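Please examine the sequence and the three-dimensional structure shown here before reading on.

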Amino acid sequence: MHDLMIEAVDVVKAFGDQKALDGVSVAVPRGSVLGLLGHNGAGKTTLVNVLTTLLPPDSGTARVAGLDVVSDAHRVRGLIGLTGQFAAVDEQLSGTDNLVLIARLLGASPREAKARAGELLELFGLTDAAKRAARTYSGGMRRRLDLAASLVGHPDVIFLDEPTTGLDPASRLDLWGIVENLVTDGTSVLLTTQYLDEADRLADSITVLASGRVVASGTSAELKAQVGQRSVTVTLGSADEAARARVALERAGLQPVPDPAKHALTSPVGSSRELAVVVRALDEVGLEADELALGEPTLDDVYLTLSRHAA
Ligand SMILES: Nc1ncnc2c1ncn2[C@@H]1O[C@H](COP(=O)(O)OP(=O)(O)O)[C@@H](O)[C@H]1O
Ligand SMILES: [Mg+2]
């Protein structure tokens, strides 16, 4: 039994003189989900391709369940399920036939293959559409069939490359539920996403990738704490009051950021003592906030701050 089911150490991969991965390390313990977060072009798919044996790294090492993806590529392929933006579902075949074909390729008998296909279609709510060609499926159904296809061989490790990009909100929620069930059953997952809420919801730990480098990693709470400061937002009754409040807060040594549409000002606060400073500063100029709200940093703040640092 290996504790780290997915591991990359200092992986470098260049296309021409452009480094898509510039010394990337990640680790996914058994039964956990790593969220690999990054904008378009950050290097997410390249890392997935290295880890799934599709692309050899220029340097560094990558292992799945302790097996090297280069020297043990064949065994690695037998352990993993891959579903990506361009997965291997045949549009012309029905849901059932797609899954049966994969099961047969993996060595199942016709009977076993049929049984496995039926089981997965049921699990993914596709039983009613089982006999229809995949090209008639909606985006959400198609993505579920993709994921089902990657699970035919009961993989211990799955790679989900932007599994919910382009899905409607209901289909996203369905897919999240399915991933959570897989993890409950002990599957280890590396999931790439551009969505903070997705990483926040599904990932045990998050690695933020920007321009082929890891710019941060930790739990969502750790990342928030790392960049995150709390902030206080005061909402005033009018634009005029908001302008006066801004002057008062600046005079008190704070750095309020105005939101003119809401007559609101947001200012970072290091401690609750500074909250008192805000209230007092407003009081001194005879202003009273309509609303005073203390905000925790969001993963959005983290992401924006970190990507800015990286750029
Ligand atoms: N086969 C390729 N040939 C040339 N450049 C590539 C290739 N694949 C990816 N890239 C480049 O590598 C960088 C990372 O791409 P990618 O891994 O697809 O990012 P992401 O999946 O995070 O959007 C991008 O700048 C992209 O243009
Ligand atoms: Mg990609």
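The paragraphs below move from the whole chain to its ligand site and then to a sheet.

The model is a predicted one. Its chain contains 11 helices and 14 strands, and its C-alpha atoms occupy a box of roughly 80 × 45 × 35 Å along the principal axes. Of the 311 residues, 45% are buried. When contacts between residues at least 6 apart in sequence are considered, 68% of them link residues at least 24 apart. The domain assignment divides the chain into domain 1, spanning 4-218, and domain 2, spanning 229-297. A distance of 45 Å separates the C-alpha centres of domain 1 and domain 2.

Attention may now turn to ligand 1. A polar backbone atom of Ala42 lies 3.2 Å from an oxygen atom of ligand 1. From Thr45, a polar side-chain atom is 2.8 Å from an oxygen atom of the ligand. For Thr46, an N or O atom in the side chain is 2.5 Å from an oxygen atom of ligand 1.

Because six of the eight residues of helix 1 (residues 44-51) are buried, the helix is largely enclosed by the rest of the structure. After helix 1 comes Thr53, which has a positive phi near 75 degrees.

Four strands form an open sheet in the order 12-13-11-14, and their pairing is antiparallel. Strand 12 (257-259) and strand 14 (291-295) are the edge strands; each has a single partner strand, so one side of each lacks a neighbour in the sheet. From one strand to the next, the twist averages 20 degrees. Three bridges connect strand 12 with strand 13 (residues 264-269) in the antiparallel sense, and within this region Pro258 is placed opposite Leu265 of strand 13. Helix 9 (residues 239-251) packs on the sheet, where it touches strand 11 (230-235), strand 12 and strand 13. The direction of helix 9 makes about 20 degrees with that of strand 13.

Key: Residues numbered from 1 in each chain as written. Chains lettered and ligands numbered in written order. Predicted model: local features only at pLDDT ≥ 70, side-chain atom pairs only at ≥ 80, totals over all residues. Heavy atoms only, no water. Pairing = 2+ DSSP bridges. Helix = DSSP H or I, 4+ residues; strand = E, 2+ residues; numbered from the N terminus. Axes fitted to C-alpha atoms, helices over the stretch in contact; angles between N-to-C directions. Contact = heavy atoms within 4.5 Å. Buried < 20%, exposed > 50% of the residue type's maximum accessible area, 1.4 Å probe, protein only. Domains from an automatic or database assignment. Polar contact = N/O pair within 3.5 Å; in protein donor to acceptor, adjacent residues only side chain to side chain.
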